[in-house]
Amino acid sequence: VFLLGITDLFAQTLYVPGTIVKGKNASYYCSSENEIFIKVNNVNNVDTTTTMYYDDGTVVPFDVGSAVIATKTEDLVRVFQEALTQKETNILKSKIIHLLILNVVTDKQGNTREITFKFLNDDPVMTKFDPDRLYQLEQELKKILKLDPNSLDKSIKNVKYFLPIDYKDLK
């Protein structure tokens, strides 16, 4: 397994916009946010837009709503780093302008339901990250990503937000 991880670092990009990358545990749809970012979401995600809706079906204005993120940045970085090999961590630490962006969809209690990953199209690790490892990372992140339920507008169906993981924060 360790040798496989090293070989994967030199493999070709897995996440090509317009394709579905399949693993044993999950499949991910790849699209491009623009020419710079690759967007990867679990094919089982249902709410894949950035638009939020009230329970009555009307669109929440873009400038409405604020929620308090209960997750600490250190915990976010720790969970991400635990999913990486030491070699991957070292590679990413050297990429000071790179980051991983998480687009998160939560329920009315602030629990994470879905995550979409966004990373630069030249990211030396995430573009080659095995889909089963990505699924494991997704599951671990869902456990810790949380909004303070008292800060949520309960009339909004699914609250959406994004969080960056800056590679310079890796230890």
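**Close-up 1. Gln 81 and its contacts in the predicted model.** Once the neighbours within four places in sequence are set aside, Gln 81 is in contact with Thr 89, Leu 170 and Lys 171. The view is taken from a predicted model, in which Gln 81 is found in helix α2. Gln 81 has a relative accessibility of 18% and therefore counts as buried, the cut-off for that class being under 20% relative accessible area.

**Close-up 2. The buried residues of helix α2 and what covers them.** Along helix α2, the buried residues are Leu 76, Val 77, Val 79, Phe 80 and Gln 81. The elements that cover these buried residues include helix α3 (86–93) and strand β4 (99–106), together with helix α4 and strand β6.

**Close-up 3. The packing of helix α2 against helix α4.** Helix α2, which spans residues 73–82, packs with helix α4, which spans residues 131–144, at an angle of about 160 degrees, and the axes of the two helices are 10 Å apart. Because of this angle, α2 is roughly antiparallel to α4, a description that applies to angles over 145 degrees. The crossing of the two helices, α2 and α4, is right-handed. On the α2 side the contact is made by Asp 75, Leu 76, Val 79 and Phe 80, and on the α4 side by Leu 137, Glu 140, Leu 141 and Ile 144.

**Close-up 4. The aromatic pair of Tyr 15 and Phe 119.** Two aromatic pairs are found when the whole structure is searched, and this view is of the pair formed by Tyr 15 and Phe 119. The centres of the two rings are 6.0 Å apart and their planes stand at 75 degrees, so the pair is edge-to-face. Tyr 15 belongs to the loop between α1 (2–9) and β1 (20–22), whereas Phe 119 belongs to strand β5 (residues 112–120), so the pair ties together parts of the structure that are 104 residues apart in sequence. Tyr 15 and Phe 119 are both buried.

**Close-up 5. The aromatic pair of Phe 80 and Tyr 167.** In this pair the ring centres of Phe 80 and Tyr 167 are 5.9 Å apart and the ring planes lie at 15 degrees, so the arrangement is stacked. Phe 80 lies in helix α2 and Tyr 167 in the segment after β6 (159–166), so that the pair ties together parts 87 residues apart in sequence. Phe 80 and Tyr 167 are both buried, and Phe 80 is also one of the α2 residues that make the contact with α4.

**Close-up 6. Val 68 and Phe 62 in the loop between β3 and α2.** Val 68 is found in the loop between strand β3 (37–42) and helix α2, and Phe 62 lies in that loop between β3 and α2 as well. Val 68, with a relative accessible area of 45%, is partly exposed, while Phe 62, at 88% relative accessibility, counts as exposed. Apart from its neighbours within four places in sequence, Val 68 is in contact with Leu 147, Asp 148 and Ser 151. From C-alpha to C-alpha, Val 68 and Asn 25 are 32 Å apart in space and 43 residues apart in sequence. For Phe 62 and Asp 107, the C-alpha to C-alpha distance is 18 Å, with 45 residues as their separation in sequence.

Note on methods. Residues are numbered from 1 along each chain as its sequence is written. This is a predicted model: local features need pLDDT of at least 70, side-chain atom pairs count only at pLDDT 80 or more; totals for chains, interfaces and linings use all residues. Side-chain values use heavy atoms; hydrogens and water are left out. Axes are lines fitted to C-alpha atoms, for helices over the stretch in contact, and angles run from 0 to 180 degrees between N-to-C directions. Helices (H or I, at least four residues) and strands (E, at least two) are DSSP runs, numbered from the N terminus. Angles under 35 degrees count as roughly parallel, over 145 as roughly antiparallel, 65 to 115 as roughly perpendicular and the rest as oblique. A crossing is left-handed if the near helix is turned anticlockwise from the far one by less than a right angle, and right-handed if clockwise. Contact means heavy atoms within 4.5 Å. Rings of Phe, Tyr and Trp (its six-membered ring) pair if their centres lie within 6.5 Å; planes under 30 degrees apart count as stacked, over 60 as edge-to-face and the rest as tilted. Buried means under 20% relative accessible area, exposed over 50%, partly exposed in between (1.4 Å probe, protein chains only).
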